Amino acid sequence: MLATRTLIGIVVGSLIIGLGGFSLVNTLAPTISMNENFVIGSGDSASFSIPAPKDAPQYMLIIGDAFDLKLASPGDGLNISNTSYKKELILDWAHTEDGQTIILIQNTGGSDLEVTANTNQTPDPFGITFDLMVMTSGVVILGFSLGFTLRKPKGF
């Protein structure tokens with residue numbers, strides 16, 4: 001029969017490995033769909049960077065009194081020089097090349113600016129590294145807990 005510490009370690013280590021594996025499988029998808037809502041206060045500005053593969057559809061809805069927007073998309077995609085807008089703006093475009101869209105928004109109105117973005121992005125490469133580190137820590141926990149079955153170290 002296994003000691004309780006060993007059983008607890010096996011369960012915890014297995015859960016950590018399972019969660020890391022699930023996250024790794026999700027991270028390896030070619031694109032990740034992101035739905036985000038932002039509020040930009042009066043006089044404030046915000047910048048957005050959207051890394052995406054070729055033909056990835058992007059959508060952004062901006063609602064507010066008045067705002068300036070500058071957008072640069074890779075290749076021959078949507079490019080907007082610094083332009084002023086009032087009330088509402090709907091941006092719907094696709095990346096023509098792999099790359100990063102840069103969006104700069106300056107709220108020039110008297111009320112808050114509401115930004116709704118539905119983007120398809122490439123996964124962060126550091127996410128894969130993080131998932132592998134989580135899985136490695138689960139293996140270490142599993143190894144230590146199984147070590148308690150073989151012999152009990154002094155102090156335990």
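**Figure 1. Contacts of T101.** Leaving aside residues up to four places away in sequence, T101 touches F48, S49, I50, L71, A72, S73, P74, W93 and H95; contact means heavy atoms within 4.5 Å. The model is predicted: local features need pLDDT of at least 70, side-chain atom pairs count only at pLDDT 80 or more, and totals for chains, interfaces and linings use all residues. Residues are numbered from 1 along each chain as its sequence is written, and side-chain values use heavy atoms, with hydrogens and water left out. T101 belongs to strand β5, residues 99-107; strands are DSSP runs of E with at least two residues, helices are runs of H or I with at least four, and both are numbered from the N terminus. The side chains of T101 and S73 are joined by a polar contact of 3.4 Å. Such a contact is a pair of N or O atoms within 3.5 Å; within protein, one must be able to donate a hydrogen and the other to accept it, and residues adjacent in sequence count only if both atoms are side-chain atoms. The relative accessible area of T101 is 0%, so this residue is buried (buried is under 20%, exposed over 50%, partly exposed in between, with a 1.4 Å probe and protein chains only).

**Figure 2. D55 in a loop.** D55 sits in the loop between β2 (45-52) and β3 (57-72). Although D55 is not a glycine, its phi is positive, at about 65°. D55 counts as exposed because its relative accessibility is 55%.

**Figure 3. K87 in a strand.** K87 is part of strand β4, which covers residues 79-94. Its phi is near 70°, a positive value in a residue other than glycine. With a relative accessible area of 59%, K87 is exposed.

**Figure 4. The chain around these sites.** The protein chain has two helices and six strands, in the sequence order α-β-β-β-β-β-β-α. Its radius of gyration is 24 Å, well over the 15 Å that the globule rule gives for 156 residues, so the chain is more spread out than a compact globule. This radius is taken over C-alpha atoms, and the rule is 2.2 Å times the number of residues to the power 0.38. The C-alpha trace spans about 70 × 35 × 20 Å along its principal axes. Buried residues make up 31% of the 156 in the chain. Of the contacts with a separation of 6 or more, 78% come from residues 24 or more positions apart.
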